[in-house]
Amino acid sequence: MSKIRILADRVANQIAAGEVVERPASVVKELLENSVDARASRIEVEFRNGGKSYIRVEDDGIGMAQDQALLSLERHATSKIRDAGDLNHVRSFGFRGEALPSIASISRFSLRTRCKEEKEGSEILINGGKMVHVKECGMPLGTRIEVSHLFNSVPGRRKFLKTEITESTHLMHLAKLYALAHPRIHFTLLEGGRTIFKSPACEDLYERVSEIFGKGFAESLSHLSAEENGLALNGLVGKLGQSRPTRKELIFFVNQRPVDSKTLSYATIEAFHTFIPRGRFPPAILFLEIDPASVDVNVHPSKKEIRFREEAKVRNFLLTTLLNRNRDFNLQAPTKPNEIKLEVDSVSTKLVPQIDPKALEMYGLNQSPIPQPQVNSVEKNVDLSVRPSGEQPSTPDTYKEGDCDQLFPEEFVRPRGAGLASWRLIDRIKGGLALFATAEGLVAMHGRAAYERVRFEELESCLQGKLQYESQALLLPENLELDSIDSTCLNQNSIGLQRLGFDIEEFGRNFFRINGCPPWLTPERSLAFIKDFLEIAREEGSSLQTLEIVQEAMVRESCFKSTEGGGFSDEELILLAKELLQCGNPYTCPKGRPTFFEIPIRDFEKRFQRRI
Ligand code: ADP
Ligand code: MG
């Protein structure tokens, strides 16, 4: 057997590099963190070929004197912690003192730096871990690090790199994360001289988000801020009705460090569970501030994964904050059906639900009306006079393919601004599909989905004690004989059911009598409803709460209502539309499927290829 020996520094560094530097984006991450730690106010990142052939990170931070710069390239050289005790309150990004020597061991590495005490800067060039030269150079205050031919000295690693596009995607995403975390730093990202984004120091996150991801995305988000028991949550979260097909826009920072955290992402997804369609994700950029002593950032060498010492506390804080925020969109407790006011539409003379002006305000519809197509100067003067046959219509009258797609991203559905004041029922297709004319187009509303959403929010308010249903008495009370499992279940849920408007009396062992039911339930259906309730509770075991069981039973009831129960009447559909628009989340049913969508007149114009 061969003898044990201590590895040469260069080899040790290359091994460490295996952990710290996984791909070009990891180099950028380490260098960016150093620049932020060096209190830079401007950072510029440039890369070529997905970062495989060239990376430059330049800052105007505190820089280093020559001896310090040389030291920074030694293993375990760090200016950020002194002893293990400091690990408990790490505020800086770096602290391992591994990044620079690791990167330098697997690339051609050039460091130029100057601190304010020195007139001349220093330049250090290292190739594959071997020092090439150290010399003085002209350099503004700050540090510039260039890394080229990454992994050339370790061809085995280079093989594992993905395509240039994949590496670029990772790198750009990472640069965006750091730019988001530090809006006050002027940030520039270049790819081979082409600017990908340039964002001057911003006042707040919102501004930075619109610089980096575009105004449209920023406008789909709203501010959130909460504090409790030493935890603080700030950031931007999708407005109701906004969802994304992937988790890419679900971004978390803990103490300004971008992190991957299952705790945080699961809590957020859970909070949006009934607000967005299944399989889609809420967009959110959230910053959690927490005592550094209660997070372990030392789990993974690249520090992306973190562990909370009090996992449940963090989870609950996030969940309740986001749930409250989503529920706050609830205007007040929903109006009881019999309180809903109708008014006569001046145009159609039909009855339409009166829209609460507060609802419009709540959804921000007053301030930000739906984007209108860009009307250019020619378009303003569309000539509508009859053209001699054979003459081609002038271009402004025609719509280009894609006009609408651009204006209306796939998930863009929301109630209208002032025009929404009248949703006029035109007719229905197949019973429960109601068509409404609006000032802006045509709305198709799914009666059952709307019914489920409206009832669901009412049920929720009842269980929270915000709303009290008047129980309606049954003319003939219904008797119910149950086995012991079902009667235990009924007893366990009796308070919840009572809050929901059921009046159920136990009048003997396993014997019950239903005396009253909520106003939205047809009295003759109350026995069937409670039977469904018990069946669902039995199927699911004791894992479900009253609300969840009732919700399931209510969904079954809505199925019955829309098929065998004779369907929704015109008046009911009109009421539903009104109630729906007062919901906290009018866009989806409790299972996340759409309740209504609108076809704007522009879509019709596109299809007809002329103005209407
Ligand atoms: P760590 O960040 O874990 O301390 P690094 O290897 O990343 O370790 O950096 C080593 C040291 O070099 C840092 O502690 C810091 O003092 C110095 N340093 C690195 N980059 C910069 C920079 N851009 N500006 C000023 N000092 C820097
Ligand atoms: Mg570092």
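Colleague: Where does the model come from, and how many helices and strands are in the chain?

Modeller: This is a predicted model. The chain has 20 helices and 24 strands.

Colleague: What share of the residues counts as buried?

Modeller: Of the 612 residues, 49% count as buried. There is also a figure for contacts. Take those with a separation of 6 or more: residues 24 or more positions apart account for 68% of them.

Colleague: What span should helix 14 have, and what does the model give?

Modeller: At 1.5 Å a residue, its 17 residues should span 24 Å. The end C-alpha atoms are 24 Å apart, so the two agree.

Colleague: Which residue with a positive phi follows helix 14?

Modeller: Gly-465 follows helix 14, and its phi is near 80 degrees.

Colleague: OK, at what angle do helix 14 and helix 19 cross?

Modeller: Roughly 50 degrees, and their axes come within 9 Å. Helix 19 is residues 570-581. The two helices are therefore oblique to each other. Their crossing is left-handed.

Colleague: Which residues meet there?

Modeller: From helix 14, Gly-447, Ala-450, Tyr-451, Arg-453, Val-454, Arg-455 and Glu-458. From helix 19, Leu-573, Leu-576, Glu-579 and Leu-580. By class, the residues of this contact are six nonpolar, one polar and four charged.

Colleague: Now helix 15 and helix 17. What is their angle?

Modeller: Helix 15 (residues 484-492) and helix 17 (residues 526-540) pack at about 100 degrees, with their axes 10 Å apart. That makes helix 15 roughly perpendicular to helix 17, since 65 to 115 degrees counts as roughly perpendicular.

Colleague: Which residues are in that contact?

Modeller: Helix 15 brings Ile-485, Asp-486, Cys-489 and Leu-490. Helix 17 brings Ile-530, Leu-534, Ala-537 and Arg-538. These divide into six nonpolar, no polar and two charged.

Colleague: Another pair: at what angle do helix 6 and helix 7 cross?

Modeller: Roughly 160 degrees, with axes that come within 9 Å. Angles over 145 count as roughly antiparallel, and helix 6 and helix 7 are therefore roughly antiparallel to each other. Helix 6 passes helix 7 in a right-handed crossing.

Colleague: Which residues meet?

Modeller: Lys-176, Ala-179 and Leu-180 of helix 6 meet Leu-205, Arg-208, Val-209, Ile-212 and Phe-213 of helix 7. The classes here are six nonpolar, no polar and two charged.

Colleague: What about the span of helix 6?

Modeller: Helix 6 is residues 164-181. Its 18 residues should span 26 Å, and the end C-alpha atoms are 26 Å apart, so that agrees.

Colleague: Which residues of helix 6 are buried?

Modeller: Among them are Leu-171, Leu-174, Ala-175 and Tyr-178. Ala-179 and Leu-180 are buried too, and both also meet helix 7.

Colleague: Why might residues in a helix point the same way?

Modeller: An α-helix has 3.6 residues a turn, so residues three or four places apart point the same way.

Colleague: Loops next. Where is Arg-39?

Modeller: In the loop between helix 2 (24-37) and strand 1 (42-48). Arg-39 counts as exposed, at 62% relative accessibility. Its phi is positive, near 60 degrees.

Colleague: Last one. How far is Lys-248 from His-173?

Modeller: They are 75 residues apart in sequence and 9.2 Å apart in space, C-alpha to C-alpha. Lys-248 is in the loop between strand 10 (231-238) and strand 11 (250-254). Lys-248 is exposed, with a relative accessible area of 56%.

Methods
Residues numbered from 1 in each chain as written. Chains lettered and ligands numbered in written order. Predicted model: local features only at pLDDT ≥ 70, side-chain atom pairs only at ≥ 80, totals over all residues. Heavy atoms only, no water. Axes fitted to C-alpha atoms, helices over the stretch in contact; angles between N-to-C directions. Helix = DSSP H or I, 4+ residues; strand = E, 2+ residues; numbered from the N terminus. Parallel < 35°, antiparallel > 145°, perpendicular 65-115°, else oblique. Left-handed = near helix turned anticlockwise from the far one by under 90°. Contact = heavy atoms within 4.5 Å. Nonpolar A, V, L, I, M, F, W, Y, C, P; charged D, E, K, R; others polar. Buried < 20%, exposed > 50% of the residue type's maximum accessible area, 1.4 Å probe, protein only. Expected span 1.5 Å × (residues − 1).
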